[in-house]
Amino acid sequence: MTTDVAVYPGSFDPLTNGHVDIIRRGLKVFDRVVVAVATNIRKQSLFSKEERIHLVQETFADEPRVEAATFEGLLVDYMRRRGATAVIRGLRAVSDFEYEFQMANVNRKLLPQMETLFLMTGEEHFYVSSHIVRELAYLGGDVTGLVPPVVAEHLRRKMEQR
Ligand code: PNS
């Protein structure tokens, strides 16, 4: 491994404790982790990119090795601009594999020197996803323990504005 910076791209809509777990695991392997908030054109977002970045920054306020950033367009172009070659993605269940396999291979075709590293979330996070968190929040369910406290607070406020 020659790089000490990894990019962790995703929608992070919102950041969950599963994402936090992957970022912390990434910090064991890399010196720095860039959490790159992107637009997934297949999904409509609840939080704006600015809000999502803010939530990452708040959650990792005491961890200078985590940077929150955003990018438009292709991940490979962002990787080129950053001079980064390692991407981190989290894997929960077998169901994640097909989508991740497709993305990693498309990215490798577009930028052969790029490596995607998959980190497994802790088992307590296997069932947590941003999608489930959004659904719980919409329907008035308790998201405590699924997201960082600052995210829970922002979700509560967002739901009040509806
Ligand atoms: O958290 P998500 O929604 O699963 O993250 C998906 C994301 C944002 C990493 C992916 O959609 C992405 O890389 N988007 C940027 C556009 C791109 O590079 N697409 C080609 C690879 S599929």
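## The shell around the ligand

In the classes used here, Ala, Val, Leu, Ile, Met, Phe, Trp, Tyr, Cys and Pro count as nonpolar, Asp, Glu, Lys and Arg count as charged, and the others, Gly among them, count as polar. By these classes, the shell around the ligand holds seven nonpolar, five polar and two charged residues. The model is predicted, so that local features need pLDDT of at least 70 and side-chain atom pairs count only at pLDDT 80 or more, while totals for chains, interfaces and linings use all residues. Residues are numbered from 1 along each chain as its sequence is written, and side-chain values use heavy atoms, with hydrogens and water left out.

The ligand is surrounded by 14 residues, of which the closest are Ser-11, Asn-40, Lys-43, Leu-75 and Arg-89; a residue is near a molecule if one of its heavy atoms lies within 4 Å of it. Strand S1 (5-10) and helix H4 (94-110) each supply at least two residues of this shell, and H4 gives the most, with three residues. Helices (H or I, at least four residues) and strands (E, at least two) are DSSP runs, numbered from the N terminus.

## Polar contacts and burial of the ligand

A polar contact is a pair of N or O atoms within 3.5 Å; within protein, one must be able to donate a hydrogen and the other to accept it, and residues adjacent in sequence count only if both atoms are side-chain atoms. A polar side-chain atom of Ser-11 lies 2.5 Å from an oxygen atom of the ligand, whereas Leu-75 uses a backbone N or O atom, 2.8 Å from an oxygen atom of the ligand. An N or O atom in the side chain of Tyr-99 is 3.3 Å from an oxygen atom of the ligand.

Taken alone, the ligand exposes 530 Å², and the protein buries 83% of that; accessible areas come from the Shrake-Rupley method with a 1.4 Å probe, and for residues only the protein chains shown count as cover.

## The loop between S1 and H1

Phe-12 is found in the loop between S1 and helix H1, and its phi is near 50 degrees, a positive value in a residue other than glycine. Is Phe-12 buried or exposed? Phe-12 is buried because its relative accessible area is 3%, where buried means under 20%, exposed over 50% and partly exposed in between (1.4 Å probe, protein chains only).

Asp-13 has its place in the loop between S1 and helix H1 (17-29), and it is buried, with a relative accessible area of 3%. The side chain of Asp-13 reaches the backbone nitrogen of Leu-46 at 2.7 Å and the backbone nitrogen of Phe-47 at 2.8 Å. A cis peptide bond, with omega about 0 degrees, joins Asp-13 and Pro-14, and Pro-14 is found in the loop between S1 and H1.

## Residues in other loops

Thr-85, in the loop between helix H3 (75-82) and strand S4 (86-91), counts as partly exposed because its relative accessibility is 27%. The C-alpha atoms of Thr-85 and Met-114 are separated by 4.5 Å, although these residues are 29 residues apart along the chain. Ser-129 is found in the loop between strand S5 (115-120) and H5, and at 16% relative accessibility it counts as buried. Ser-129 and Leu-15 are 114 residues apart in sequence and 9.0 Å apart in space, C-alpha to C-alpha.

Gly-141 belongs to the loop between helix H5 (130-138) and helix H6 (149-161), and it is partly exposed, with a relative accessible area of 31%. The C-alpha atoms of Gly-141 and Arg-81, 60 residues apart along the chain, are separated by 41 Å.
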